[in-house]
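Subject: Structure handover

Hello,

Here is the structure I promised to pass on. Please open it next to this message and follow along.

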Amino acid sequence: QVQLVESGGGLVQAGDSLRLSCAASGHTFSRLHLGWFRQAPGKERELVSSMRWTDGSTYYMASVKGRFTISREHSQSTVSLQMNGLKPEDTAVYYCAADPTRTDGSYRYWGQGTQVTVSS
């Protein structure tokens with residue numbers, strides 16, 4: 001059983017930066033596929049970024065490429081999402097997800113979510 005706890009959300013202005021972190025426990029961290037999702041009010045949840053443990057490959061949705069960076073810190077068993085140049089449309093609840101074998105949209109383990117609000 002993988003436990004995930006997010007932190008780092010908040011209220012910022014357009015153009016600001018935020019760093020989300022997600023602490024993982026319950027499984028060998030280096031063997032977890034990791035992802036960040038978000039869900040805005042009235043919208044479906046979408047995959048923002050992901051990282052595969054097998055080859056370190058990363059994915060970013062088009063609207064965040066060049067602004068967001070996913071990274072994992074093995075010593076702290078955390079996965080982070082550095083978000084720069086935030087826009088009002090980035091406002092959502094952000095969730096971290098993980099799975100030892102499944103990738104992208106089919107993760108089995110989820111954090112509780114953290115709110116990110118970007119004012120214009």
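Below is what was found in it, taken part by part. Please keep in mind that this is a predicted model.

**The four-stranded sheet**

Start with the open sheet. Four strands form it, in the order β1-β3-β8-β7. The pairing is antiparallel. Strands in a sheet pair through backbone hydrogen bonds, in either a parallel or an antiparallel way. The edges are β1, residues 3-7, and β7, residues 68-73. Each of these edge strands pairs on one side only. From one strand to the next, the twist averages 15 degrees.

Inside this sheet, look at β3 and β8. Strand β3 covers residues 18-25 and strand β8 covers residues 78-83. Six antiparallel bridges pair them.

Next, go to β5, residues 46-51. This strand is mostly covered, with five of its six residues buried. It has β4, residues 33-39, as an antiparallel partner over five bridges. Trp36 stands opposite Ser49 in β5. β5 also pairs with β6, residues 58-60, again in the antiparallel sense, over three bridges. There, Met51 has Thr58 in β6 as its bridge partner.

Two hairpins come with these pairings. The hairpin of β4 and β5 has six residues between the strands, and its Gly42 takes a positive phi near 75 degrees. The hairpin of β5 and β6 has six residues between the strands, and here Gly56 takes a positive phi near 75 degrees.

Which residue other than glycine has a positive phi near 50 degrees? That is Ser77. Most residues other than glycine have a negative phi. Ser77 sits in the loop between β7 and β8. Ser77 counts as partly exposed because its relative accessible area is 22%.

**Salt bridges**

The structure holds five salt bridges. Side chains of opposite charge can pair when their charged atoms come close.

- Arg19 and Glu73 meet through their side chains at 3.4 Å, N to O. This pair links distant parts of the chain: Arg19 is in strand β3, Glu73 is in strand β7, and they are 54 residues apart. Arg19 is partly exposed, with a relative accessible area of 40%.
- Glu46 and Arg38 meet at 2.8 Å, N to O. Glu46 is partly exposed at 30% relative accessible area, whereas Arg38 is buried at 5%.
- Asp90 and Arg67 meet at 2.8 Å, N to O. This pair also links distant parts of the chain, 23 residues apart. Asp90 is in the loop between β8 and β9, and Arg67 is in the loop between β6 and β7. Both residues are buried.

Which residues are linked in a network of salt bridges? They are Arg38, Glu46, Arg67 and Asp90.

**The nonpolar core**

Now turn to the inside. The largest nonpolar core has 30 residues. Leu4, Trp36, Phe68, Leu81, Met83 and Tyr94 touch the most other members.

Leaving aside neighbours within four places in sequence, Phe68 is in contact with Arg38, Val48, Tyr60, Leu81, Gln82, Met83, Asn84, Leu86, Asp90 and Tyr94. That list includes Arg38 and Asp90, which both belong to the salt-bridge network.

**Asp99**

One last stop is Asp99. This residue lies in strand β9, residues 92-99. Is Asp99 buried or exposed? Asp99 is buried, because its relative accessible area is 0%, and buried means under 20%. What joins the side chains of Asp99 and Arg108? A polar contact of 2.6 Å does. Beyond its neighbours within four places in sequence, Asp99 is in contact with Leu32, His33, Ser106, Tyr107, Arg108 and Tyr109.

Best wishes

Technical notes. Residues numbered from 1 in each chain as written. Predicted model: local features only at pLDDT ≥ 70, side-chain atom pairs only at ≥ 80, totals over all residues. Heavy atoms only, no water. Pairing = 2+ DSSP bridges. Axes fitted to C-alpha atoms, helices over the stretch in contact; angles between N-to-C directions. Buried < 20%, exposed > 50% of the residue type's maximum accessible area, 1.4 Å probe, protein only. Polar contact = N/O pair within 3.5 Å; in protein donor to acceptor, adjacent residues only side chain to side chain. Contact = heavy atoms within 4.5 Å. Salt bridge = Lys/Arg side-chain N within 4 Å of Asp/Glu carboxyl O. Core = buried A, V, L, I, M, F, W, Y, C linked by side-chain atoms within 4.5 Å.
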